[in-house]
Every structure is written in C-alpha cells, then in structure tokens.
Amino acid sequence: MSTEIYLDANATSAVLPAAIAAADAAMRAGFGNPSSTHATGLQAKAMLDGVRACARRVLGVGNGRLVFTSGATEGIQTAVLSALCAIRERQLRGEPTGSLLLYGATEHKAVPEALAHWNRILGTGLVLCALPVDRAGQHRLDMLRELAPQAALVCTMAANNETGAVSDLAGIEAILRDSPAYWMVDSVQALGKIALDLAATRIDYAPFSGHKLYAPKGVGMLYVRDGAPYTPLMAGGGQEGGARAGTENMSGIAALGAVLEALEQGGLFRTHDELVAMRERLADALRAVFPGIVFNSPFATSLPTTLNFSVPGFASKELLDLFDAANVRVSSGSACSSAKAAPSYVLEAMCAPAWACAAAVRMSFGPLATMAFIDAACQRIAHCGAALRASCLIPSDTPMASHDGVIQLGSDGANTWIVADAASRSCVLIDMHEQHEERVASYVRCQGYAVRARLSTCDVQGWPEGSMQVALGNGTQAAAIAMGENVLARLAPDDIFMGVSYLFGRCGGAGLASGEVRFAFTGGQVLPGGVCVSLPLAQLRHGVQRLAALVHADTILCPARDDKNQVCSSIGAEGRGAGVLAELLAMQPRLARPALPAMDSMMHLAPDGLERFLASHPDAVLVDVREAFEHAAATAPEWGGQRALSVPLSRLASHLPQWLAGPQRPLVFFCRTGNRSARAAQCLHRLGYQNAWSVIGGMALGGAALALAA
C-alpha cells in the first residue's frame, strides 16, 4: 500500500532512466552552447543535430521543418501565429481566406485560447467555430465537409487527452485535400502510441510535448510541413535556424533524444496488442468493483493506454480521494483543468449524460507499462472496492456496525442530513436531495436501518403518525419522534415562509430543555451567515429569535444549503458575526462566548512544523477528516504510537457538541490536500473553539510527518 501506482500518464510521465542519464551527460560534459564555434560548442551542436535527425526519422518529417520548443503550448502558439500571419497577408492582398477558425470541440483548451488570442492581436476578424464531435468523440465529418469551404484554419488533435479518442485523420484529410485552409494537428498524445509519417499527410503543423512520453518537462517539438508559412513566436539570436530564438534547452533535448532513440530502435515500448490487453485487465478490475461503471469512450476507437469512466452515485472527487488514499494516482480529466469543479467539457461535447460529465475519472498509463504493474494496479483497485464495501457505499454481504449521530451529505451546496440511532437501527432523513438518493439508499440498506421518516424543512409532509408530544424549553408542546435516549421534535412555523425546523437532543423528565438541544435542522430558512426568505424584518426577527429561545448558544445549526462551505454553524457563532443573523439575534442575551479575532492565518500548520507542534503539545489530537472509505483504503496515520482519530467531514457535526463542551485540547485536522481540514478548522474557530489547526497540503505534502511512529 505504501508503493505509488501512477495511472495519470496522460498528464505527465516519469522520466526514462536513459533520458535522465542523457540530460546529466549534457549538463556535465556536453554543456557547450551549440551556437559557439569552438570545439565545446561544436560538440553540443553535434548532439543537437543528432537528436533532430532521429526525430525527423521517427516522425517521418521528410522535407518539413522540425523546431525544438519548450513544449506543446509553445508549439500550438507558434503554429496558430504562423497560420494567422499568412491569412492576414492574404487578406491585405485581397485574396480569399475563409472566415472561420475551426477547431474540434474536444480540443485541449490551449488551442481555442491561442486562436482567440492571436485573432484579436492580429486583427484578422475571423470567427471561432467549434467542430462538433459524435458520442464516440470522433469529429463530425459531415459538419466538417459543410464548414470546410469557409475555414481559414482547421485545428484537430490526433488523440484526445481526456478520453483517448483517436481522430480519423485520414477522413479529415480527405475533406481538406482541396481546401486552402491550413491544418494543425495536436499530436501530443500520439507520440509513442500511434504510427506517424507526417510528410505523407496534408498536416501543416504538429506540436509535440516531451513530458507526455518519458522526457522531462520544458522540451517539445513542432513539425512544420514543407511550404507551410512560418512566423517565429520569438525573435532574437537566430537559434534553430532563425525559427526559434533563445539558447536551446540542451539537457531537455538530450533527454528527449534518448526517448526518440528508444522509439526508433524498438523493443522497449509495448506493442499495441500488449497495451490493449493491459487496458482490458484494468477495465475488468474496475467492472468487478463498480458493476454500474460506464466507460465514456469506446475502446475500439481510443488509445489503448486511456480509460475514461464514470460510476453512478459517485462524484469524480470522491473516486479521486479514494484512489489517492490507496496511493493510486488518477485524475478527473485534463491536468490543466482537473482542479476545477466544472464538469468535463470534453464529455459534454460528446453529449454524455450530465451525471457522467460531472463524475468522470481518467486512468492512463504509458507504453512502458508492464503486466506486473497492471496486476498491481488491479489489486489496489480491488482494495479500494473493499474500502467502499466497508463504508457501505457499494453492496456488501457482510453486516456492518451501525452508527449513531448526524451525517451530512453535501453536493453543489445542497445538504442532506441523516439522523441515525444505532440502538434501534433506525434513522430519519431530512431535506433529502435527489442526487443523494442512491448513496443514502445504499447506506441505509447496508446498515440495516429502518427509515422512520423522510422530512423536509420546507413543509410538514412526511411526519409519521402516532408521534409523541414533548415540552420545549419555552413551555410549549411539540410533536416528536423518540430515537433512543433522544428525540427529534418538530417546531411548527409561525409563518409558513419561515419553513419547519427540527430540534434533536436528549429528552429529560421536563421535556426537551434548550440546554439539551444538540442540533437544529433549519433548512434553507436560517443559513450560516444569513437567511434566504424575503419577509418583513419584524417577521424574520420574530422567527429567528423564537428558534434561538429554544436552543442554546452552541446548538449546531444544520442548514439545507452550505454554499459558503461552512459545514454548519451555531446561534452563538451567528450572533458574534457580522451577517444578517447577527442583526436578527441582536436582542438575544445568550451569546456567551466572546467575539473571536480572525484566525485564518494562525490555524494553519506547515508540514515541516507538524512534528515540532505535536512534540510541544503532547495532548494534541490528530483528526483525519477524510471520509470513511478513504480511511479504510489507506494506512492510518499515527504519531507517538497513537493513531489519528477518524472524523470524516460528513460526520464533523456529530462531534462538535462534545468538543465544544469539553476542554479545548489542540485538534490538528488533516485530509488529502488540506482543503477539507481547513474547512473543519475554520468551522471550529467560528464556533468558538480556538485551538483547532489544519495541516497545509494534507497527506499530499505532510505524509511523512503524519506517518510518524513511536
């Protein structure tokens, strides 16, 4: 489990040992400037020329030009600039050029961004137009045939970086054969995976990037067809035959040369059939864990090294968290956009279902992979499946220990709350959101719970018949559901626009006293930092203060929405704040905790300072806020022989009353990246618990410190 399984080769690859050796040799012995005319410079130039000659043979350049660049982005920029400069010259001469800058709808974002940039800078006035693709990610040749007569420049890709879909370049070429439009083909994912003979095609420009195939970052190539127009992106000292100014990246080019030499000699990289067998082995392992899995690109027309899939009921981030916990590195799409929460624009262009676009995961490996590596990956995938079964997220035949307390499921700002009682194996669902239905159904089924009620804070529907009556803190009576030693009481609204609130806490002989209310489910009417109903201020104040009179300062407010990523709040926290609720609560005297200073900059621990902090705070508690399935998939971190406390962010609310009521021991939260732990620490600070900390970078950056043993 401690060994990393890297399955994100489409984003970047490890560097080939021979490439490392070549780069080292170039820096140590071949450090000369290839533009110098002395012996050291001539030796460097000989190496440069040798790599270029090898590249020309591997790519089938013929009489075309091959320019070394810093990578694909520079190559794309140069190709677009070259084509648009030629188009502008034709415009100035009054020659027909076409009016469209046509690009595939699934192109890497670097392409349309470059088109828009240079179209604006050069003032060519052309119209950007996305060429549609079909459900398999193939360019719509019928649409290309219709649009080609209007095209000035056509940009497609050899193979898609997210889905692996391989383009029908021959079909595109047949349509463009008699077109005056220039044609650029992003060939980044093709190198080492698709046979290339560029001079035998009509392709005008083809950019490549070394780090996608075992060379280091910062080096690439641009093919320019013989006779295609060319304008240098950078002018200066005349390097690269005047095609690209700036002293060449000799160590990077030397490393790329080692990879190209291995490609030319053969025997090192796997054959197409071998890669297909590896992909099928991975696909079978995924199918065994996720019976409902959907592969988003047909294998028959995709790179054998790429699998793009979605799993019903799972967000892509959840699967990334799961695999990352098990030291399996995958991505949610392009590395340039995977940090963003938006659905995959590539899958949207392919008209994939909305859920699949939002839940997509990419596994990719390189042509150096071995079957032993793939088998190890499959074993790790099976381990991830066991972690999901242990967490009640996929069906399991093994009875699971039931849980008490409150569970929060959030997605796109919407919260579903589960109030669970282990003793009676029952639960109540509050503000059930449709996107959580499958997850909750699986959880309830796995736990063997009976659902006592499905409630909403918008109306009184769903309340079970035959409920009991309890006295509330203000002496009024309320309908309630008994749940072990606790009750869930329904607070009927004074005004239907204020919605329905539910109070959960221990019921004594005198009823549900305000001091015993641990949670208040306030729906969308009372949100952290404000309210979302449009009522006269007097009505709002009356409704909010009525709720505040029935709870205490540290009662946890559980809203139906969490658009500000605050997890939850409390009456006390809101009263001390500066938001709408603070104004509405201004008449309340119970806000016991003093206002707190801004703590954001004081609650973050750098990974390299974590060991010192824990040594100087022997009573500190490490709190792992990764979800239960991540915790089950990973080796539990420990310090001083004591394992971290597992408190998933979805169960944070359940632990808050106990922490707020007890001594403020240092709580050090961590997660995979530091984002969720920061939310947890910020929540504690807002609630008045000042001794909460978050580890910057989480397990990704602080893994070694978090794994300290006695």
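User: Helix 3 passes helix 4 in a crossing of which hand?
Analyst: Keep in mind that this is a predicted model. Two packed helices are described by the angle between their axes and the distance between the axes. Here the axes of helix 3 (residues 72-92) and helix 4 (residues 110-122) come within 9 Å and cross at roughly 35°. The crossing of helix 3 past helix 4 is right-handed.

User: How do the residues of that contact divide into nonpolar, polar and charged?
Analyst: Helix 3 brings Ile76, Gln77, Val80, Leu81, Leu84, Cys85 and Arg88. From helix 4 they meet Ala110, Val111, Ala114, Leu115, His117, Trp118, Asn119 and Leu122. Sorted by type, the residues of the contact of helix 3 with helix 4 come to eleven nonpolar, three polar and one charged.

User: Is leucine 81 buried or exposed?
Analyst: Leucine 81 sits in helix 3. A residue counts as buried under 20% relative accessible area. Leucine 81 has 6% relative accessibility, so it is buried.

User: What separates the C-alpha atoms of leucine 81 and leucine 233?
Analyst: Leaving aside neighbours within four places in sequence, leucine 81 is in contact with Trp118, Leu122, Thr231, Pro232 and Leu233. Leucine 81 and leucine 233 are 152 residues apart along the chain, yet their C-alpha atoms are separated by 7.2 Å.

User: Zooming out, what share of the contacts in the protein chain with a separation of 6 or more comes from residues 24 or more positions apart?
Analyst: For background, the chain has 21 helices and 32 strands, and 55% of its 710 residues are buried. As for contacts with a separation of 6 or more, the share from residues 24 or more positions apart is 68%.

User: On to the strands. Which residue in strand 18 is the bridge partner of methionine 468?
Analyst: Strands of a sheet pair through backbone hydrogen bonds, either parallel or antiparallel. Strand 17 (residues 468-471) and strand 18 run antiparallel, joined by four bridges. They form a hairpin with five residues between them, and glycine 475 in the turn has a positive phi of about 90°. Methionine 468 has as its partner alanine 480.

User: In strand 16, which residue is the bridge partner of valine 428?
Analyst: Strand 15 and strand 16 run parallel, with five bridges joining them. The partner of valine 428 in strand 16 is alanine 453.

User: What is the phi of the glycine that follows helix 13?
Analyst: In helix 13 (residues 437-447), the buried residues include Arg439, Val440, Tyr443 and Val444. Their cover includes helix 9, helix 12 and strands 13, 14, 15 and 16. After helix 13 comes glycine 448, and its phi is positive, near 70°.

User: What phi does asparagine 327 have?
Analyst: Most residues other than glycine have a negative phi, and most peptide bonds are trans. Asparagine 327 is in the loop between helix 9 and strand 11, and is buried with a relative accessible area of 18%. Although asparagine 327 is not a glycine, its phi is positive, at about 60°.

User: Last one: what is the relative accessibility of valine 567?
Analyst: Valine 567 is in the loop between strand 24 and strand 25. It also has a positive phi, about 70°, although it is not a glycine. Valine 567 counts as buried, and its relative accessibility is 0%.

How values were computed:
Residues numbered from 1 in each chain as written. Predicted model: local features only at pLDDT ≥ 70, side-chain atom pairs only at ≥ 80, totals over all residues. Heavy atoms only, no water. Helix = DSSP H or I, 4+ residues; strand = E, 2+ residues; numbered from the N terminus. Buried < 20%, exposed > 50% of the residue type's maximum accessible area, 1.4 Å probe, protein only. Contact = heavy atoms within 4.5 Å. Pairing = 2+ DSSP bridges. Axes fitted to C-alpha atoms, helices over the stretch in contact; angles between N-to-C directions. Left-handed = near helix turned anticlockwise from the far one by under 90°. Nonpolar A, V, L, I, M, F, W, Y, C, P; charged D, E, K, R; others polar.
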